[in-house]
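Thanks for coming. Please have the view open as we go.

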Amino acid sequence: MTAQIYEERRNQIHRKGKKPFAIECDKESLAGAVSQRACVFCGSRVVLYPIADAVHLVHGPIGCAVYTWDIRGALSSGPELHRLSFSTDLREKDVIFGGEKKLHDALIELIDRYQPKAAFVYSTCIVGIIGDDLEAVCKKVAAETDIPVLPVQSEGFKGNKRAGYEAACKAMFRLVGTGDLANISRHSINILGDFNLAGEIWLIRDYFARMGVEVVANITGDGRVDDIKRAHGAALNVVQCSGATMTLAEMMKEKYSTPVIRVSYFGIEDMAESLYAVADHFQDEEMLAKAKKIVREELETLLPELKKYRAALTGKKAAIYVGGAFKAFSLVKAFRHLGMDVVMVGSQTGTKEDYRELQEITDDGTIVVDDSNPLELSSFLREKEVDIFVGGVKERPIAYKLGIAFCDHNHERKEMLAGFAGMMNFAREVYGSVMSPVWKLVPRKQSQTTQLGVSEAARIAES
Amino acid sequence: MNTDTNINNENDTHTPPPSPKSPRPVGGRGRLSRYVSTTNACKLCKPLGACLAFRGIEGTVPYLHGSQGCATYMRRYIISHFNEPIDIASSSLGEKNAIYGGGANLKQGLKNVTDKYRPKMVGIATTCLTETIGDDLNMIVHEYLKEAGETAEAPILVKVSTPSYSGTHMEGFHAAVLSAVETLCRKTLANDRVNILPGFLSPADLRYLKEVMAEFDLEATILPDISETLDGPALDEYQLIPEGGTPIEEIRTMGGAEATIEFGSTISPKESGGEYLEKTYGVENHRLTMPVGVGATDRFFALLETLSGQEIPERYVKARGRLIDSLVDGHKYIFGKRAVLYGEEDLVVGLAGFLAEIGVQPVLCASGGKSGRLREKVLEATNGLCEVDPEAYEDIDFHEIEARAAELEPDLIIGHSKGYALARKLSIPLIRVGFPIHDRVGGQRILHIGHEGAQQLFDLIANAMIQVKQDRSPVGYSYM
């Protein structure tokens, strides 16, 4: 197994138990190692993507735009400009002579066609090299069209996805503070770091509405430009701590003194604590009582249902590999509710603190890994005899090829996994994959049954 | 292939954005409005095609010399169609590499891939970034080979220049094939083999092709061959490089083959592996339209008869007979129906020919490719069979396709998954073919070519039209 690990990456993997905790992370990916990471552009694109009434124009050759066309499950309750893929589709002559004029004309054309509330212009690798002045073109078009036109400095090579989050936050920060603050309640918040996959933010907003809390801006799920403009009027920024929108919260704290709390909407405890934390912040007994009532009511339906799944899933083993580590914390707890053990957990862009916390909440022997790759992941899955792997599209075929169940917890998914209802869906999805009879047919199980002998095989087939 | 009709779709959550207030046609061509910006492109980028082609060569790891995102995005896109792992290595260039050059990362990447994957070959494709910063791939690779020294494990390195700004995924695909041939082919003794350069076909198509060649007793080198590498069985152990792909030893002897068959009529001669083999080694190149439909398949089989000196095997005579019989049985359901086609140029040409011969009007043939030959080849393939000559547009995006399609009032759409929004908007069926199929299972199992492929396609088209009629009928007969 260890032969599958690059010498240079040895310190990015920690096995809990034997040695004191130590892990290296936040490094550039190792060349040739088939990292599961994406790029700066990807980071910016995923954060801003759900803003549904803005034009998102990718300034670059066609690839960057076409691979991000309608890929997220981020829903909108109104306009759906975010689901279109706009590009300047740079050609050889643009690369030689510069793409500024093409960018200008494309912006004018798209703004004229769709009448958006704003336009985001994403820089790509090549734009960073040919030196188009995005800032100047955006400024000119903003003056001509009278809408905000915001450059996003997301050249792919300038770091990893986290650098892209920052670039996106900086672009959004230009909008914040430009809107009207009339009629905002004292008990008001912005929701940061939820992207309304499968309608999750609507669920979260409903909980807050039931607590009497007004949501000023969704950042960015089902997002609207005008809401973001007045986000500085909210009394609190509630940040789902993926890091994707943390930079914006920090910038708002500095400029507008908006306090920040970090939450997670995945899993039972984290969801409940998120609601309590908001009530605590406002020091409002009535609000806290309402939050408790929500949690009580939701759990009354959820817990008995979960029991059924728990009975079937107890003792099964799970592996987790996600983009940001925050999701992994909640997933570890969620699996515990299902009676399952997490035997491997990793992320593309976690920090040392993230990994320290992950190894603290998992059992001895658990593998904690940073910026992994198919070689390692496949060997970990086999070594740990995992029953279900949680990840995104790039992890899915690794699991399936080996005959292991899979749960998509990435931004392409179409199932709601946040909130109490999301915990139910999560349990159903895990159950629906782990308990499928197809695993009895895959080579992994067949070879096990061959080793066990015929009578044992028959017993397994019947079970 | 699957269909969607959405006849009674009342779900309005997918309301289209406001229609163009005042479209500004730029360089208006015929009846089509053209724009400066690209909205919903009908093409992919050049390195993606190169990765797909390299994936079809035995023991090969596709490698992108660029930043990490390119490899990851392409992997995700390819995985979502094939539902198979595809490891694409990357130089993972960072900011300092963009300034000082990516040579060191490329060398380290090659070393790491060699150590862990033990490939027979690494197919190195460049990206926008490395082309623009001016990395000299030949020099870097030359240095690498010198530094690494001669070892038994050293993989063959094939290089191809694929900046996304100079073509679509198909140019990248053909460039990778050509580069593999140029790098690997040696002057060899004449042999009886036949080279097939199939272009971008599905694994099911390639399996069919192999069967056909075997039935004709022809030994074929099919390059590339993704039939196993992108459609493999469930496994007990993860294979870093899946089995299958065109054997490297076979590629080496392509120069001695009896003939080359190259599917695709829009490939530029200078990008064609077949032309290269003819010029360099005197292997006669037979360029055929992709064998989609009766006529194109007949021409392919006629050539195989000549090359093999054998008559068409009985099973294919029978398959053809059944196909013609079914076309007769179902002709009324589809006659005069109007179809919008889009996708890679060679697939569009093949489909247009098939539709024309069964009485469907391909009213709009569209591609994001830009060979300069699409219109001519579509007209050749439809050969006067259409009441009105099809409109054919290159370098087009889905926004432009949608606008023109709405005016042409089509009955069905034929193409990959990205036309679903258009099908939904017009409430007409989408027959899924080609790549990518991202909204159905089984994209890798779609058979497009030969009599069997035509049969499956015909059944889908006819049944889609029958379903529309049935769904719209106030009576709803179960007996059509």
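Start in chain A, where β6(A) and β7(A) pair over 6 bridges in the parallel sense. Keep in mind that this is a predicted model. One of the pairings to look at is S188(A), whose bridge partner in β7(A) is E214(A). To get from β6(A) to β7(A), the chain passes through α8(A), and this β-α-β crossover is right-handed.

Helix α8, residues 200–210 of chain A, lies across β6 and β7 of chain A and runs at about 155° to β6(A). Another helix of chain A, α11, residues 268–282, also packs on the sheet. α11(A) touches β6, β8 and β9 of chain A, and its direction makes about 165° with that of β9(A).

On to the other neighbour of β6(A). Strand β6, residues 188–194, is joined to strand β8, residues 236–240, by 4 bridges, and these two strands of chain A run parallel. Within that pair, I191(A) stands opposite V238(A) of β8(A).

Putting the strands together, what is their order in the sheet? In chain A it reads β7-β6-β8-β9: 4 strands in an open sheet with parallel pairing. β7 (214–220) and β9 (260–263) of chain A are at the edges, and each has a single partner strand, so one side of each lacks a neighbour in the sheet. From one strand to the next the twist averages 25°.

Is β7(A), then, largely enclosed or largely open? Of its 7 residues, 5 are buried, so β7(A) is largely enclosed by the rest of the structure. Buried here means that 20 or more other C-beta atoms lie within 10 Å of the residue's own.

Next, chain B and one helix. Helix α12 of chain B, residues 314–334, has 21 residues. From first C-alpha to last, α12(B) reaches 29 Å, close to the 30 Å expected at 1.5 Å a residue. Where does α12(B) bend? The bend is at V328(B), by about 40°.

Which residues of α12(B) are buried? They are Y316(B), R320(B), L323(B) and I334(B). The elements covering these buried residues include three helices of chain B: α11 (294–308), α13 (345–358) and α17 (450–472). After α12(B) comes G336(B), with a positive phi near 80°.

That is the end of the tour.

How values were computed
Residues are numbered from 1 along each chain as its sequence is written. Chains are lettered from A and ligands numbered from 1 in the order in which they are written. This is a predicted model: local features need pLDDT of at least 70, side-chain atom pairs count only at pLDDT 80 or more; totals for chains, interfaces and linings use all residues. Two strands pair if DSSP finds at least two bridges between them. Axes are lines fitted to C-alpha atoms, for helices over the stretch in contact, and angles run from 0 to 180 degrees between N-to-C directions. Two residues are in contact if their C-beta atoms, placed from the backbone, lie within 7 Å. A residue is buried if 20 or more other C-beta atoms lie within 10 Å of its own, exposed if 12 or fewer, and partly exposed in between; C-beta atoms are placed from the backbone. A crossover is right-handed if, with the strands pointing away from the viewer, the path from the first strand over the helix to the second runs clockwise. The expected span of a helix is 1.5 Å times one less than its number of residues. The bend at a residue is the angle between axes fitted to the seven residues ending there and the seven starting there.
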